[in-house]
Amino acid sequence: MAAAAGGAGTAAALWSEVNRSGQNGDFGRALKSVNKLLQINKDDVTALHCKVVCLIQNGSFKEALGVIHTHTKVLTSDSITFEKAYCEYRLNRIENALKTIQSASQQTDKLKELHGQVLYRLERYDDCLAVYRDLIRNSQDDYEEERKTNLSAVVAAQSTWEKVEPEDLGLQEATYELCYNAACALIGQGRLNEAMENLQKAEDLCRQSLSEDSDVTEEDIEAELAIIHGQMAYIMQLQGRTEDALQLYNQIIKLKPTDVGLIAVIANNIITINKDQNVFDSKKKVKLTNAEGVEHKLSKKQLQAIEFNKALLAMYTNQADQCRKLSASLQSQNPEHLLPVLIQAAQLCREKQHAKAIELLQDFAEQSPADSAQIKLTMAQLKIAQGSVTKACIILRSIEELKHKPGMVSALVTMYSHEEDIDSAIEVFTQAIQWYQEYQPKSPVHLSLIREAANFKLKYGRKKEAISDLEELWKQNPKDIHTLAQLISAYSLVDPEKAKVLSKHLPSSDTMSLKVDVDALENSPGATYVRKKGGKLTGESQQKEQGQGDVKKKKRKKKGKLPKNYDPKVTPDPERWLPMRERSYYRGRKKGKKKDQIGKGTQGATTAGTSEL
């Protein structure tokens with residue numbers, strides 16, 4: 001009995017030590033006390049639970065999970081669900097964490113918080129949004145601001161990655177985190193100027209909140225601002241201000257931020273600015289995208305973009321095998337994505353294998369009808385590069401969803417005109433006009449195409465074919481005098497009688513306000529002498545005219561040849577026609593000592609003794 005009482009006293013002292021260490025945040029010391037307690041009773045549920053918590057607080061997630069799995073009989077799933085799910089989440093076993101949370105019999109607030117984080121990492125944004133809304137609605141504690149920040153982050157992710165129009169949740173942008181997330185949502189919508197304003201506001205709020213803490217240095221503030229500056233640089237890049245963006249990106253990298261995700265994104269964006277230039281810098285930046293843990297910090301689309309850029313960089317650095325290997329791997333991982341196929345086709349073109357590139361694109365177009373339009377546009381570009389313009393036109397005309405678009409019509413007509421195939425160009429106009437006649441009659445695009453078709457036909461002398469287009473235009477706008485004049489001009493060569501009838505619709509000269517000042521016209525210096533062509537000149541006048549003709553007749557000068565090293569940007573030397581000795585900058589020949597000595601005096605004589613003699 002005495003021994004038992006002593007053991008109870010030791011346990012009580014140990015528990016007091018555990019409690020005191022926990023309150024002080026000294027979890028290492030608390031863990032030692034818990035281990036002593038477990039030596040007394042290895043199946044003590046409370047002690048085991050405390051051990052798991054201490055290990056989590058010390059960052060030993062794998063060891064904590066090991067304790068949970070070892071004592072499954074003692075630690076029931078309901079009592080330890082949160083700790084188990086949290087360890088799995090921190091070890092990046094996200095799917096396992098979700099299953100653990102879903103297996104809980106009761107969803108506590110802290111489990112819901114973790115559930116939201118897990119759903120966000122799995123990029124299930126709709127479900128995540130519902131979880132945070134429920135938490136904000138039903139929770140009243142000191143963490144409301146953090147929940148609102150997380151909610152705004154979900155909205156920003158939806159806008160950026162899923163291109164969803166974010167709803168207004170009524171979140172007041174009182175903190176720099178909320179301002180930053182709002183800016184990200186605006187970037188997803190393409191509202192770049194508004195996003196930049198929000199980021200500047202976020203920067204001001206961040207500086208203000210951190211400067212209140214006396215322990216925070218300027219370097220700490222810059223490190224905290226790095227992610228805001230990175231997003232500012234991204235907006236500059238999207239706006240085409242690449243020099244400003246590059247400067248800001250490099251400033252952030254010099255700070256050496258601890259966030260590997262931020263560094264990877266910035267390095268990737270610098271590579272996209274460099275493109276096929278400054279390849280050595282791009283090779284260095286690629287290493288930053290391979291840092292440990294990057295895959296857990298970025299979204300799937302961000303990681304995908306980085307991998308695509310690695311393949312493109314391999315192509316630009318003439319690493320053909322590496323490029324093929326990376327693009328083939330990307331295609332197997334993303335079979336529905338077009339970019340890996342385009343990279344492979346581009347690599348084949350760099351190797352002058354255009355036929356293989358077109359074959360590759362053709363095969364993919366058959367497998368993926370959704371991307372057929374973009375693939376066919378690429379194939380047409382390759383055909384044009386080979387000089388096969390007519391074949392390119394055939395490919396473009398096979399794109400059903402684009403062939404009636406004004407841009408496509410313009411491109412095809414230009415290409416057919418270049419090939420002098422006027423009939424095919426007119427056929428393109430006709431098909432496009434018929435489509436708009438059926439689906440969008442009398443729309444501005446429809447009437448514009450009719451006008452362009454009429455002008456094109458008139459330009460190439462197809463007046464008979466232009467008549468129907470001009471009549472349609474005139475019918476739509478009977479007050480259009482320009483169209484009526486064109487129509488009369490076209491009919492004058494085909495049906496003069498019809499032209500006379502139509503000319504009656506032209507306004508009379510009295511009704512037309514020409515606004516001509518007759519007096520000013522008469523007083524203006526115009527052509528006062530017109531030489532008469534009729535009648536022959538005789539006698540002295542004829543001789544005089546012939547004499548004038550002899551004087552005026554001059555020999556035609558030949559165009560002089562320019563020198564080979566002629567540079568039109570450089571002003572010619574005004575003294576170039578003078579001999580070299582007469583030019584102002586001539587200083588004479590330099591006479592060297594050695595040159596003077598050669599061939600002077602008798603054989604064996606030295607110039608040193610000449611002065612003495």
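Is Leu 186 buried or exposed? I looked up its relative accessible area, and at 11% Leu 186 is buried. My cut-offs: buried is under 20% relative accessible area, exposed is over 50%, and partly exposed is in between, with a 1.4 Å probe and protein chains only.

**Ground rules.** I'm working with a predicted model, where local features need pLDDT of at least 70, side-chain atom pairs count only at pLDDT 80 or more, and totals for chains, interfaces and linings use all residues. Residues are numbered from 1 along each chain as its sequence is written, and side-chain values use heavy atoms, with hydrogens and water left out.

**Entry 1, the whole chain.** I counted 31 helices and zero strands in the protein chain. Both are DSSP runs numbered from the N terminus: helices are H or I with at least four residues, strands are E with at least two. Of the 613 residues, 35% are buried. I also checked contacts, meaning heavy atoms within 4.5 Å. Among those with a separation of 6 or more, 47% come from residues 24 or more positions apart.

I found Leu 186 in helix H10 (residues 176-188). Leaving out residues up to four places away in sequence, Leu 186 touches Arg 191, Glu 194, Ala 195 and Asn 198. I also noted Pro 166, which is 20 residues from Leu 186 in sequence and 9.1 Å away in space, C-alpha to C-alpha.

Two packed helices are described by the angle between their axes and the distance between the axes. For helix H7 (residues 109-121) and helix H8 (residues 125-138), I read an angle of about 155 degrees and axes 8 Å apart. The axes are lines fitted to C-alpha atoms, for helices over the stretch in contact, and angles run from 0 to 180 degrees between N-to-C directions. H7 and H8 are therefore roughly antiparallel; that label needs over 145 degrees, while under 35 is roughly parallel, 65 to 115 roughly perpendicular and the rest oblique. Their crossing is left-handed, as the near helix is turned anticlockwise from the far one by less than a right angle (clockwise would be right-handed). Residues making the contact include His 115 and Leu 119 of H7 and Val 131 and Leu 135 of H8. By class, I get seven nonpolar, three polar and five charged residues. Nonpolar covers Ala, Val, Leu, Ile, Met, Phe, Trp, Tyr, Cys and Pro; charged covers Asp, Glu, Lys and Arg; the others, Gly among them, are polar.

Helix H18 (residues 320-333) and helix H19 (residues 339-350) pack at about 160 degrees, with axes 8 Å apart. That makes H18 roughly antiparallel to H19, and their crossing is left-handed. Among the residues that meet are Cys 323 and Leu 330 in H18, and Val 341 and Ile 343 in H19. This contact has seven nonpolar, four polar and one charged residues.

Rings of Phe, Tyr and Trp (its six-membered ring) pair if their centres lie within 6.5 Å; planes under 30 degrees apart are stacked, over 60 edge-to-face, the rest tilted. By this rule I count seven aromatic pairs. Phe 429 and Phe 456 have ring centres 5.8 Å apart and planes at 50 degrees, so the pair is tilted. Phe 429 lies in helix H24 (residues 422-439) and Phe 456 in helix H25 (residues 444-459), so the pair ties together parts 27 residues apart in sequence. Phe 429 is buried at 6%, and Phe 456 is buried at 10%. Phe 456 also pairs with Tyr 460: centres 4.8 Å apart, planes at 45 degrees, so tilted. Tyr 460 is partly exposed at 33%. Elsewhere, ring pairs link Phe 61, Phe 82 and Tyr 86 into a cluster.
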